[in-house]
Amino acid sequence: MNLREWGWDENWAAAFAPHAAAGLEPARVVRQDRGACEIQLETGGRTAEPTGRFRHAVEAGEADMPGVGDWVAVDPRPTCARAGIEAVLSRRTCLSRQEVGRATRAQVLAANVDLVFMVSALDAGRGFNLPRIERALALVRASGAEAVAVLNKADLCDDIGARVREAQSAVMDVPIVALSAIEGWGVDELRPWLAGNRTGVLLGPSGVGKSALVNALLGAGIQETQPVREEDARGRHTTTRRELFRIPSGGLLIDTAGLREFQPWGAGEELDSVFPEVAALAEQCRFRDCRHEAEPGCAVQRALGEGSLEARRFEHYLSLKREQAYQEQKRDLGAQLAEKTRWKKIAQWQKEIFRHRDR
Ligand SMILES: Nc1nc2c(ncn2[C@@H]2O[C@H](COP(=O)(O)OP(=O)(O)OP(=O)(O)O)[C@@H](O)[C@H]2O)c(=O)[nH]1
Ligand SMILES: [Mg+2]
Ligand SMILES: [Zn+2]
């Protein structure tokens, strides 16, 4: 198996050189379960696990755990059932979200993806939601990958044009593709984006048809899909792990579990790129620290009054901004705590030294 078909290129080879010199082999993480993961080596697929040394680096905060899409340096350990992951190559892009219950750590959803297909569904349920698309876009902007908006289940919609226009108002210049994964039309429009062994990831709530889309692109029913419950149209979280697939027509695609909620991680300037019209107006406000509430000379309030700025967009901008401020506060608190613990350790260590010296 040629690693190029899994996205390997000259730049990865250059980044890998020191590991090659150390006798390690390159591999890509294609599936992740708790603890272990499936990797793709030049010689084929294998199960792998982080070595003790690597785990230690992770605990010390010097490394991240490998995620799907990562390129890793492995010790093949031919006599062991599992190959040992010694290092993760520095990521080109990284789609991450806040880890549940661990406020200050980001969780890698997909690494080294060139583009993110933000999937919605036109089934008149909750699969189509503009604020959600805007949130997803903030997440994509923070990742460094390109965004494409996919409107699936177009076979269930009688006014596709209207939905496309609405979506366009949320994502601005991001390309939009309306398609039907089940009937198969429109699906081919996604293939050019993956050409040249590029890597894409499907992002969207449960039940919008991400796995159905993987199957449509693979031309085979490999990913399990399940009907959305009628009562609440919320889907069932059929897919539970992240996995990378090779598309026969070229490229790689990661299927993820539908995220119930996600917080854009590290989305700073990204908000401005998702809401460029608000950012442009804010620059014209009289005060640099204008909160666009009731300050005199506020260009945002003026535009809202004139109707040239959509109230819905501004409200969503504000709510994301508030959330971001909250996350930053939490992160600062986490950093303060870590610093405190560090100094405690240093003080203890100094005490030890003095004790020995006094003897
Ligand atoms: N009518 C119609 N139904 C579709 C389409 N795509 C998917 N579905 C149906 O929607 C349901 C959910 O599809 P899945 O592919 O399991 O959704 P998912 O996004 O992978 O969901 P999770 O794995 O839970 O995140 C299934 O019953 C599919 O058959 C489509 O284009 N048209
Ligand atoms: Mg699925
Ligand atoms: Zn203002």
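This is a predicted model: local features need pLDDT of at least 70, side-chain atom pairs count only at pLDDT 80 or more; totals for chains, interfaces and linings use all residues.
Let us start with β9, which covers residues 146–152. Six of the seven residues in this strand are buried, leaving β9 mostly covered. Strand β8, residues 115–121, pairs with β9 in the parallel sense, and seven bridges join the two. Between β8 and β9 the chain passes through helix α3, residues 130–143, in a right-handed β-α-β crossover.

β9 also pairs with strand β10, residues 176–178. This pairing is parallel too, with three bridges. Here A149 is a handy place to look, as it stands opposite I176 in β10. To get from β9 to β10 the chain runs through helix α4, residues 160–171, and this β-α-β crossover is right-handed.

| Partner of β9 | Sense | Bridges |
|---|---|---|
| β8 (residues 115–121) | parallel | seven bridges |
| β10 (residues 176–178) | parallel | three bridges |

**How the two helices meet**

The connecting helices deserve a look of their own. A packed helix pair is described by the angle between the two axes and by the distance between them. For α3 and α4, the packing angle is about 40 degrees and the axes are 9 Å apart. The crossing of α3 past α4 is right-handed. On the α3 side the contact is made by L130, I133, E134 and L137, while α4 brings E166, A167, A170 and V171.

**Two residues with positive phi**

Most residues other than glycine have a negative phi. K153, in the loop between β9 and α4, has a positive phi near 60 degrees and is not a glycine. M172, also not a glycine, has a positive phi of about 55 degrees and is found in the loop between α4 and β10.

Are these residues buried or exposed? K153 is buried, because 26 other C-beta atoms lie within 10 Å and 20 or more are enough for that label. M172 has 12 C-beta neighbours inside 10 Å and therefore counts as exposed, since the limit for exposed is 12 or fewer.

Terms used:
Residues are numbered from 1 along each chain as its sequence is written. Chains are lettered from A and ligands numbered from 1 in the order in which they are written. Helices (H or I, at least four residues) and strands (E, at least two) are DSSP runs, numbered from the N terminus. Two strands pair if DSSP finds at least two bridges between them. A crossover is right-handed if, with the strands pointing away from the viewer, the path from the first strand over the helix to the second runs clockwise. Axes are lines fitted to C-alpha atoms, for helices over the stretch in contact, and angles run from 0 to 180 degrees between N-to-C directions. A crossing is left-handed if the near helix is turned anticlockwise from the far one by less than a right angle, and right-handed if clockwise. Two residues are in contact if their C-beta atoms, placed from the backbone, lie within 7 Å.
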